[in-house]
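I opened the notebook for a quick look at one side chain and its surroundings, then at the whole chain. Here is what I looked up.

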Amino acid sequence: MKQYVVDAFADRLFEGNPAAVCLLDRWPADKLMGKIAMENNLSETAFAVFEEDSWRLRWFTPEGEIDLCGHATLAAAYTILRFVAPELEDVRFQTLSGPLIVKRRGELLEMDFPAYVPVQTEVTAEMTAALGVRPLEAWRARDLMCVLEREEDVVRLQPNLAAMENLEGSVCCVTARGSRFDCVSRCFAPKCAVPEDPVTGSTHCLIIPYWAAKTGKTEFVARQASPRGGTLYCRLEGDRVKLAGRAALYARSELMLEELP
């Protein structure tokens, strides 16, 4: 089984968010895909099989399968467009979140994702205890988003990850207005065995609708201010979020599996 490791939302190696990508002729057992994700110990491993006229794409964390992952989708599209079908201008995926299309846009790869509709929720003492700072606002969709007062609060945040596991949402992200960028964020996923996710495409399906409503803008350059860091070029179009970024290949390998069960 061929596997690629790609830094997504990265202008260069060792930036952005690394994802493993396995391109397959047929599906292995779910249990095996889970074991591969655990062995890789990356936030996500993507598995893709070409079916009829598009690719079926699934994402696994070390804790199990998830329904949407931006950076691993970008990594999978990069791998297919570079090593399988370099003549194509786009890649079409079928996923648990519906059809997803990734298109070339100059040097960028642009994804078309469903927007989350954020619902405001109460700021609680538990949120403040987990973050170490009281949010200005809190919003929920699949993930929990806490809005902080200043960019510096996001960059310097040192959350209590054990306390964060008790909060609602699959992922807890924080965001604030940026200085060099339109908005900045960080994302933490201790429930998925990922203390901090370097760059989280899917959570920007929540972040961008929020900032669009706040500012009246529809286009944003967003920076995820993790230690690795990564830049996303985002656009809100109705109930869809366009997320674009670059990618860099880190490794190609052959997984030493005998036969798929």
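I began with the side chain of Arg186: one of its polar atoms lies 3.0 Å from the backbone oxygen of Val154. The Arg186 side chain also makes a polar contact with the side chain of Glu196, at 2.8 Å (a pair of N or O atoms within 3.5 Å, where within protein one must be able to donate a hydrogen and the other to accept it, and residues adjacent in sequence count only if both atoms are side-chain atoms). I kept in mind that this model is predicted, with local features needing pLDDT of at least 70 and side-chain atom pairs pLDDT 80 or more, while totals for chains, interfaces and linings use all residues. Side-chain values use heavy atoms, without hydrogens or water, and numbering starts from 1 along each chain as its sequence is written.

Next I asked: is Arg186 buried or exposed? Arg186 is buried, with a relative accessible area of 7% (buried means under 20%, with a 1.4 Å probe and protein chains only). I found Arg186 in strand β13, residues 183-189 (strands are DSSP runs of E, at least two residues, numbered from the N terminus). Leaving out residues up to four places away in sequence, Arg186 touches, among others, Cys172, Cys173, Gln224 and Ser226 (contact means heavy atoms within 4.5 Å).

Then I zoomed out. Buried residues make up 57% of the 261 in the protein chain. Of the chain's contacts between residues at least 6 apart in sequence, 60% join residues at least 24 apart. I noted a C-alpha trace spanning about 50 × 35 × 30 Å along its principal axes.

Conventions: Helix = DSSP H or I, 4+ residues; strand = E, 2+ residues; numbered from the N terminus. Buried < 20%, exposed > 50% of the residue type's maximum accessible area, 1.4 Å probe, protein only.
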